[in-house]
Amino acid sequence: MAAVDALDARILRLLLEQPRTSAREYARILGVARGTLQARIDRLERDGVITGSGPRLSPAALGHPVLAFVHIEVTQGHLDDVGDALAEVPEIIEAFSITGGGDLMTRVVARDNEHLEDVIQRLIQLPGVVRTRTEVALRERVPHRMLPLIEAVGRASTPAR
């Protein structure tokens with residue numbers, strides 16, 4: 001995987017800030033040829049830097065305003081099976097294998113606290129799940145973001161003069 005340079009960082013910033021702009025307009029803003037821009041975007045996609053281009057959706061606006069992080073302890077040897085079963089639960093919007101307390105951490109959305117309890121009960125009943133621990137998010141303090149990281153990576157790739 002190639003490193004992200006300053007031009008890549010500028011491209012990524014534009015993609016985040018103006019996601020509905022055309023490639024032609026991106027090239028004009030950046031002062032590069034459209035072919036150069038497209039080659040850079042293609043490489044960033046191939047290298048896994050750009051992983052998607054769809055809209056970000058709000059679970060709250062979809063009727064699921066409750067957000068919780070559910071840590072799941074799994075019987076040894078059943079991590080893959082439990083992971084596969086979690087993929088069948090629509091309220092789980094992310095799941096990660098983790099170190100520390102527990103084996104998996106999931107991000108769960110629900111309509112209300114009662115619905116969250118129903119989802120947790122469903123998780124507890126999955127074969128291989130030993131126990132769960134739930135933390136309910138009260139308020140988002142830093143929304144999902146990538147721009148500060150892109151800016152830091154772009155600065156780091158620019159040679160000092």
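Me: Which residues form the negative surface patch?
Reply: In this predicted model, in which local features need pLDDT of at least 70, side-chain atom pairs count only at pLDDT 80 or more, and totals for chains, interfaces and linings use all residues, the patch is made of D80, D81, D84 and E88. A patch takes residues with over 30% relative accessible area and no salt bridge, joining like charges within 9 Å and nonpolar side chains (Val, Leu, Ile, Met, Phe, Trp, Tyr) within 5 Å. Asp and Glu count as negative, Lys and Arg as positive, with His and the chain ends not counted.

Me: How do you know how the residues and side chains are counted here?
Reply: Residues are numbered from 1 along each chain as its sequence is written, and side-chain values use heavy atoms, with hydrogens and water left out.

Me: What makes the contact of D5 and R40 a salt bridge?
Reply: The N to O distance between their side chains is 2.8 Å. A salt bridge is a side-chain nitrogen of Lys or Arg within 4 Å of a carboxyl oxygen of Asp or Glu, so the D5 and R40 pair qualifies. This pair links distant parts of the chain, with D5 in the segment before helix 1 (6-17) and R40 in helix 3 (residues 34-46), 35 residues apart. The structure holds ten salt bridges.

Me: Which class does D5 fall in, buried, partly exposed or exposed?
Reply: The relative accessibility of D5 is 27%, so D5 counts as partly exposed.

Me: How do you know that D8 and R40 also form a salt bridge?
Reply: The side chains of D8 and R40 meet at 2.8 Å, N to O. D8 lies in helix 1 and R40 in helix 3, so this pair ties together parts that are 32 residues apart in sequence.

Me: Why is D8 placed in its accessibility class?
Reply: D8 has 0% relative accessibility and therefore counts as buried.

Me: What makes E94 and R107 a salt-bridge pair?
Reply: The side chains of E94 and R107 meet at 3.1 Å, N to O. E94 lies in strand 2 and R107 in strand 3 (residues 104-110), so the pair ties together parts that are 13 residues apart in sequence. E94 is partly exposed, with a relative accessible area of 32%, and R107, at 28%, counts as partly exposed.

Me: What makes up the nonpolar patch on the surface?
Reply: L16, M146, L149 and V153 form this patch, with about 330 Å² of accessible area together. The areas come from the Shrake-Rupley method with a 1.4 Å probe, and for residues only the protein chains shown count as cover. L16 sits in helix 1 and counts as partly exposed because its relative accessibility is 45%.

Me: How does the radius of gyration of the protein chain stand against that of a compact globule?
Reply: A compact globule of 161 residues would have a value near 15 Å, but the protein chain has 20 Å. The radius is taken over C-alpha atoms, and the globule rule is 2.2 Å times the number of residues to the power 0.38. Along the principal axes, the C-alpha atoms fill a box of roughly 55 × 35 × 30 Å. Buried residues make up 27% of the 161 residues.

Me: What is the order of elements in the protein chain?
Reply: From the N terminus on, the elements run α-α-α-β-α-β-β-α-β-α, with six helices and four strands.

Me: Why is R20 assigned to its accessibility class?
Reply: R20 is exposed, because its relative accessible area is 82%. R20 is placed in the loop between helix 1 and helix 2 (23-30). From R20 to N113 the C-alpha distance is 36 Å, and the two are 93 residues apart in sequence.

Me: Where does A137 lie?
Reply: A137 is in the loop between strand 4 (129-136) and helix 6 (147-157). At 30% relative accessibility, A137 counts as partly exposed. The C-alpha atoms of A137 and L126 are separated by 24 Å, with the two residues eleven residues apart along the chain.

Terms used. The place of a charge is taken as NZ of Lys, CZ of Arg, CG of Asp or CD of Glu. Helices (H or I, at least four residues) and strands (E, at least two) are DSSP runs, numbered from the N terminus. Buried means under 20% relative accessible area, exposed over 50%, partly exposed in between (1.4 Å probe, protein chains only).
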